[in-house]
Amino acid sequence: MTTVSEPPLAIVEANIPNADRRRRGERTTRIRGVRAGFWVYVGLGVVAVSAIFPYYWSFLIGSGDQFTINDPNMSWIPGANFVTNALSVMNDPAVNFWLALWNSVFSSTLIAASVVVFSTLAGWAFAKLRFRGSKFLLAFVVATMAVPMQLGVVPLYILFADLGWTGTIGAIIIPALTSAFGVFWMTQYIGQTVPDELIEAARVDGASQIRTFWTVGVTAARPAAAMLFLFTFVGAWNQFFWPFIVLDRQSPTLPVALSLLQANYFVDYSIVLAGVLLATVPLILLFVFAGKQLVSGIMAGAVKG
């Protein structure tokens, strides 16, 4: 009995009509990813509008005058006074806008960079090094997140007052140089993304512990470190409670300086909201230029190749 060998796969596919191949490609596309439905876009649109509306409302008030916020017939079209109000904030000697902006940029950048460095080092140690008490120490670090900062304000203020650091920018930088959340975040990320075999291979090649950390750990943790930097920067930028207590009017951060706009008997909310929008511009620029790193940091832990 003669057996007929099957034709090669390339010949079979060449004889498939174009329409059949097109339908097969469409089925493959549908299998690979489900297309978002109408209500998904509706939900995303509602979320986007809810996020953008407060900024637009602030811009409406900030581009008007002192009577705009109480006007029942206020137009939804922005006015022409935003530049004037913004210049009033910048040139107000009580606010000291440019010094406050520099203090916020300097302190937030230094805090975010320090948190990333220390958290990556600690995360590498907890995730990939074996030493006695590592689990207990990690649990203790995580437990500190349950302690609100307000409980330590009084002794912390007394400490900085004894050191003579109150009223200086270092008083808000030093307590924030490390972060329990950052240590936990980097520990989990490095533990899941860096295989032990890669570390063993580096050690076999003669790499030291520092060289292994730099070439393997830092490279693998870059997306998570970028995400941690962004969120730490935003948190430090928006910090108000502790800087308001420990700083004075001669050396404020931007949120503390903008609060002085409401210290008068009459509050012009058009100027206040113009100043608030000015304070959000650096954050918007940061997310625009670093958005790719933020998305890759979020997706790296969710997508496994």
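Mentor: We will go from the whole chain to single residues. Keep in mind that this is a predicted model.

Trainee: What does the secondary structure of the protein come to?

Mentor: Begin with the count of elements. Here there are 15 helices and zero strands.

Trainee: How many residues does the protein have, and what percentage of them is buried?

Mentor: The protein has 305 residues, and 32% of them are buried.

Trainee: What do contacts tell me about the fold?

Mentor: Check how far apart the partners lie in sequence. Among contacts with a separation of 6 or more, 72% join residues 24 or more positions apart.

Trainee: Which residues touch the most other members in the largest nonpolar core?

Mentor: General idea before the case: in soluble globular proteins, nonpolar side chains tend to be buried together. In this model, the largest nonpolar core has 27 residues. Trp124, Ile172, Met186, Ile190, Val194, Trp242 and Val246 touch the most other members. Several helices give two or more residues to this core, including helix 5 (97-128), helix 9 (180-193) and helix 13 (241-246). Helix 5 provides the largest share, five residues.

Trainee: Which residues does Val246 touch, not counting those up to four places away in sequence?

Mentor: Its partners are Tyr157, Thr166, Gly167, Ala171 and Ile172. There is also a second, separate core of 19 residues. Among its members are Phe97, Ala112, Val234 and Leu254.

Trainee: Which residues form a nonpolar patch on the surface?

Mentor: Look at Val49, Ile52, Phe53, Tyr56, Trp57 and Trp76. Together they have about 610 Å² of accessible area. Take Trp57, which sits in helix 3 (residues 38-62).

Trainee: Why does Trp57 count as partly exposed?

Mentor: Compare the value with the cut-offs. Buried means under 20%, and exposed means over 50%. Trp57 counts as partly exposed because its relative accessibility is 32%.

Trainee: Is Asp268 buried or exposed?

Mentor: Use the cut-off of 20% again. Asp268 has a relative accessible area of 18%, so Asp268 is buried. Its place is the loop between helix 14 (254-259) and helix 15 (269-300).

Trainee: What does the side chain of Asp268 make a polar contact with?

Mentor: The partner is the side chain of Ser270, at 2.5 Å. Then look further along the sequence. Beyond its neighbours within four places, Asp268 is in contact with Asp65 and Gln66.

Methods. Residues are numbered from 1 along each chain as its sequence is written. This is a predicted model: local features need pLDDT of at least 70, side-chain atom pairs count only at pLDDT 80 or more; totals for chains, interfaces and linings use all residues. Side-chain values use heavy atoms; hydrogens and water are left out. Helices (H or I, at least four residues) and strands (E, at least two) are DSSP runs, numbered from the N terminus. Buried means under 20% relative accessible area, exposed over 50%, partly exposed in between (1.4 Å probe, protein chains only). Contact means heavy atoms within 4.5 Å. A nonpolar core is a set of buried Ala, Val, Leu, Ile, Met, Phe, Trp, Tyr and Cys residues joined through side-chain atoms within 4.5 Å. Patches are made of residues with over 30% relative accessible area and no salt bridge: like charges are joined within 9 Å, nonpolar side chains (Val, Leu, Ile, Met, Phe, Trp, Tyr) within 5 Å. Accessible areas come from the Shrake-Rupley method with a 1.4 Å probe; for residues, only the protein chains shown count as cover. A salt bridge is a side-chain nitrogen of Lys or Arg within 4 Å of a carboxyl oxygen of Asp or Glu. A polar contact is a pair of N or O atoms within 3.5 Å; within protein, one must be able to donate a hydrogen and the other to accept it, and residues adjacent in sequence count only if both atoms are side-chain atoms.
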